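Please look over the sequence and the structure before reading on.

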Amino acid sequence: MKKTIAIVDDHILIAKALSGIIENFANFQVLFEVENGQQLIQKLSNKKNIPDIVLLDVNMPIMNGFETAKWLSENLPQ
C-alpha cells in the first residue's frame, strides 16, 4: 500500500520538484501541494484527503509551518 504525502510550501517550484522526486518512488504518492497552512487545513476538511505524511515548510505567509504543525498535532494527531 502506498504512503500518501501532502507538500506544504509557498515556493511552487520547490513543491513541484519535491512532488516529482517523490512520484519516482513506487511506495509513495503525492495527494496534493498547497502554499500555506491555511490551504492545508482547507484540503484536510475533506476526510478523504488525509495524508500519511506532511512535508511542511517552516517559513510561509498566512499560516507558517510552526502554526501548522501545532494545528496538526492538536487536530489530527494520528
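## The largest pocket

Strand 3 supplies the largest share of the lining of the largest pocket, namely three residues; strands here are DSSP runs of E with at least two residues, helices are runs of H or I with at least four, and both are numbered from the N terminus. The model is a predicted one, in which local features need pLDDT of at least 70 and side-chain atom pairs count only at pLDDT 80 or more, while totals for chains, interfaces and linings use all residues. Residues are numbered from 1 along each chain as its sequence is written, and side-chain values use heavy atoms, with hydrogens and water left out.

The lining of this pocket is made up of L44, I50, P51, D52, I53, V54, L56, L72, L76 and Q78. A pocket is an open set of points on a 1 Å grid over the protein atoms alone, where a 1.4 Å probe fits and protein lies on both sides within 12 Å along at least five of seven lines, and lining residues have an atom within 4 Å of a point. Its volume is about 190 Å³, a volume being the space filled by probe spheres set on the points.

Three strands form an open sheet in the order 2-1-3, with parallel pairing, where two strands pair if DSSP finds at least two bridges between them. Strand 2 (28-34) and strand 3 (53-56) each have a single partner strand and stand at the edges, so one side of each is left without a neighbour in the sheet.

Between strand 1 (residues 3-8) and strand 2 there are six bridges in the parallel sense, and T4 stands opposite Q29 in strand 2. Helix 1 (residues 12-23) packs on the sheet and touches strand 1, strand 2 and strand 3, contact meaning heavy atoms within 4.5 Å.

## The chain as a whole

The chain holds three helices and three strands, which follow the pattern β-α-β-α-β-α along the sequence. Its C-alpha atoms fill a box of roughly 30 × 25 × 15 Å, taken along the principal axes.

Conventions:
Axes fitted to C-alpha atoms, helices over the stretch in contact; angles between N-to-C directions.
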